[in-house]
Amino acid sequence: MAQSSLKKETMGSKLFTIVNTTLLAFIALICLLPFVNVFASSFASTREVVEKKFILFPTTFSLDAYRYILSTPTIFRGLGISIGVTLAGTAVSMILTALMAYGLSRKYLAGRDIINFIVVFSMLFSGGMIPTFLVVKAFGLIDSYWSLIFPVAINAFNLIIMRNFFQALPEGLEESAKIDGSNDFGVFLKIMLPLALPSIATLSLFYGVAYWNTYMTAILYITDSAKWPIQVLLRQIVIVSSGMQAEGTSVDVIPPAQTIKMAVIVVATVPMLIAYPFVQKHFTKGALLGAVKG
């Protein structure tokens, strides 16, 4: 009887695994189809893109869109700006987030509860677009790359995750290090940061994706078109290709075909696709460890 029950449970478990795998594979395929359409359309001819609303495999293979993109320095300039802002912004954000999170995780910090309340409060309410613009202008950051970094340097949600990660570490680590003569910065740099590498890798990707997709802050604070990141250039290409007047644009593009828009999207997406696999394994270990305790 016990063996029969165990056999039924095993068969049921196998059936569940098959159904679950099939369902998840189907959902993943649905999510993947738009990316396949964009990628295939970028290699298709203009006529095929116009005639077909959805392309999985181009019947007429063409590299004209990529030749056009590689022939203009505008796209390379935008990519370079986005890469620079992403690298610098991620570094600044992680340094500030790690320092603030570690400080707020220490129970002996004066005013800790008030600062934690302000952090949580900022997740629910913000100053708004106009007050933020006035602050950025007052600091002389208009038309500066730092305007894309400093206003969004610390994300409250990421800060709370990292603070909880530090809180979950045994207090004996800090006590033993101080007994050996280490100060607070020594404990932070030599003990806490190495243990927090999975969390740092995960949050770095979150920050990196946010900086790479910088759009609204660039529209608000960057007036020189030569300093536009790739996402703003994508907007200009879409506007120009739609036959609309692009405000204040000096993008070196003619009204492009639909394939050029698809190719630019592919080029703008590739860096994130390359970086993602290197930190994917840290997602569960890094993000969830900081979400266990409140």
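A residue counts as buried when its relative accessible area is under 20%, as exposed when that area is over 50%, and as partly exposed in between (1.4 Å probe, protein chains only). Keep those words handy for the walk that follows. The model here is predicted, so local features need pLDDT of at least 70 and side-chain atom pairs count only at pLDDT 80 or more, while totals for chains, interfaces and linings use all residues. Residues are numbered from 1 along each chain as its sequence is written, and side-chain values use heavy atoms, with hydrogens and water left out.

Let's start with charges. Side chains of opposite charge can pair when their charged atoms come close. In a salt bridge, a side-chain nitrogen of Lys or Arg sits within 4 Å of a carboxyl oxygen of Asp or Glu. This structure has three of them.

Take R106 and E174: their closest N and O atoms are 2.5 Å apart, which makes a salt bridge. R106 is in the loop between α4 (73-105) and α5 (112-124), and E174 is in helix α8 (residues 171-179), so this pair ties together parts that are 68 residues apart in sequence. (Helices are DSSP runs of H or I with at least four residues, strands are runs of E with at least two, and both are numbered from the N terminus.) R106 and E174 are both buried, with E174 at a relative accessible area of 6%.

Now stay with E174, which also forms a salt bridge with K178, at 3.2 Å between the closest N and O atoms. These two share helix α8 and sit four residues apart, about one turn of the helix. K178 is partly exposed, because its relative accessibility is 35%.

From K178, hop on to D184: their side chains form a salt bridge with 2.9 Å from N to O. D184 is partly exposed too, at 36% relative accessible area. Put together, R106, E174, K178 and D184 make a network of salt bridges.

D184 also brings us to helix α9 (residues 184-195), whose 12 residues reach 16 Å from first C-alpha to last, close to the 16 Å expected at 1.5 Å a residue. That expected span is 1.5 Å times one less than the number of residues. Which residues of α9 are buried? They are G186, V187, F188, M192 and L193. These buried residues pack against α4, α7 (156-168), α8 and α10 (197-212), where contact means heavy atoms within 4.5 Å.
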